[in-house]
Amino acid sequence: METKAKVIADITSHKTGCLIINVAKQAKLSGNAAIIDKACDGLLTKLIKLGDFKAAVGDSLLLPQPNGIAAQRLLIIGTGPSKTADKASNKKAITKAAELTASQNGKDATLCWESDVDSSEQAALFSQEMIRAQYRYTEKLSNPKPASALTKVFIAAAKGKESTAINKATSRAQATANGINTARLLGDLPGNICTPTYLANQAKALAKQHAKLSTKVLSEKQMADLGMGSLLSVSAGSDEPAQLIVMEYKGSTSKKAPIALVGKGITFDSGGISLKPGAGMDEMKYDMGGAASVFGTITAIAEMELNANVVAVVAASENMPNGQATKPGDVVTSMSGKTIEVLNTDAEGRLVLCDALSYVQRFKPRSIIDIATLTGACVIALGRHNSGLFSNDDELANQLLTAADSTGDKAWRLPISDDYTEMLKSNFADLANIGGREAGSITAACFLSQFVEGQKWAHIDIAGSAWCSGANKGATGRPVSLLTQYIIDQA
């Protein structure tokens, strides 16, 4: 879908499949709403008086072929009282507008949106949310939902600087949305399709699409030669071989060190010998949400041709309980040389991540961010609205929180300290892979921190934010927005 700025001299004579305007809840219509109302013989005023449209935030009404304007459809969206309008209410309203626009049958649409929010910022939000709304899962469905008919969207803008700014912002927003939908598709694919080998092949295919992106994949033998005993202890119980996927995006010719992303890619997590309960186990295909977000972010920045250098490592494996599987009480040796007592084979994400974190340091990155559906404890602590953020560096944590705030891909910082690391003590190894029931998400982060000593590092736990359950079951594509914005900010 193409989105671009367009100068519109007269909103009433503008021909489009769907014209979208916002209407504030106030005594007298103003701006575009007043112009449309006059052209349509007081239609909007009548709808408000009849109570058919209250103009509360997110209220909507789609009017087919209204007399008086050239548009085939008119979509009106409420933005609430002008006195209480703020950025959050504007975002809610424009997101609603995007979702409804994506579902209507016109081939093109035009957004004429009036607010105090920066026009390029709200155009980017509209564009991103529309592409998100067009996502549909089609694999293995005999009768998938039809694709959206919408192919072009115009954003009303003044000629010159405003149009240029909107075109730049919407171009990046589309790339980010494509990255989000890439992550959603990978997450939604079943575990018998989306295996570690499938992810490796996706990375190779992605590199063929972008000249500045290269991919290499390390086999289990190569990982064994590097001493990745921790990662390989997870794949030991599966017939599917683990894959260490390395993607290097070189968008900058500067000598600046790359940003490193490390994704947990457990394509199915049975829990291993510490077998999970059966109820809801199907959702353990989403345990590669961290890897999916890394793929989505690389897709986004490569499509933007962003002036940045990024190295991404995905530790992909299944966690299954066959006769070769790691047992509770086994001790394994990680790439760093640290030994780990595996007290619970269902705490496997940290076992693959610790070796991936050790490996990525050979690229001498300026910051390392790992992303993982790591702990149920994080879901209990933060629910599904905020991802959990942990870091050994305040500046990095604040940069990530700033990116989270500006994109709405929310995160909340939780502590790490030696007090919690003490809970990982083992009588039989350098550390245990779990620290008990209390503060489970924190001790998991503290475990990872033992493998990034001297590095600027952050860990994002997306166990609560990576997918939705119930009737709306599906991957969310989080935190692609957050990560992409962070990299843009640092470029």
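Here is a short walk through some strands and some aromatic rings.

This is a predicted model, where local features need pLDDT of at least 70, side-chain atom pairs count only at pLDDT 80 or more, and totals for chains, interfaces and linings use all residues. Residues are numbered from 1 along each chain as its sequence is written, and side-chain values use heavy atoms, with hydrogens and water left out.

**Stop one: strand E5.** Select residues 108–112, which make up strand E5 (helices, H or I, of at least four residues and strands, E, of at least two are DSSP runs numbered from the N terminus). Four of its five residues are buried, so the rest of the structure largely encloses E5 (buried means under 20% relative accessible area, with a 1.4 Å probe and protein chains only).

Click Ile20 and you'll find its bridge partner in E5, Leu111. Leu111 also stands opposite Ile155 in E6.

**Stop two: the rings.** How many aromatic pairs does the structure hold? There are three (rings of Phe, Tyr and Trp, using its six-membered ring, pair if their centres lie within 6.5 Å; planes under 30 degrees apart are stacked, over 60 edge-to-face, the rest tilted). One of them is Tyr359 with Phe363, edge-to-face at 6.1 Å centre to centre and 70° between the planes. Tyr359 counts as buried because its relative accessibility is 1%. Next, select Phe447 and Phe451, a tilted pair at 5.2 Å and 45°; both are buried.

Key:
Buried means under 20% relative accessible area, exposed over 50%, partly exposed in between (1.4 Å probe, protein chains only). Two strands pair if DSSP finds at least two bridges between them.
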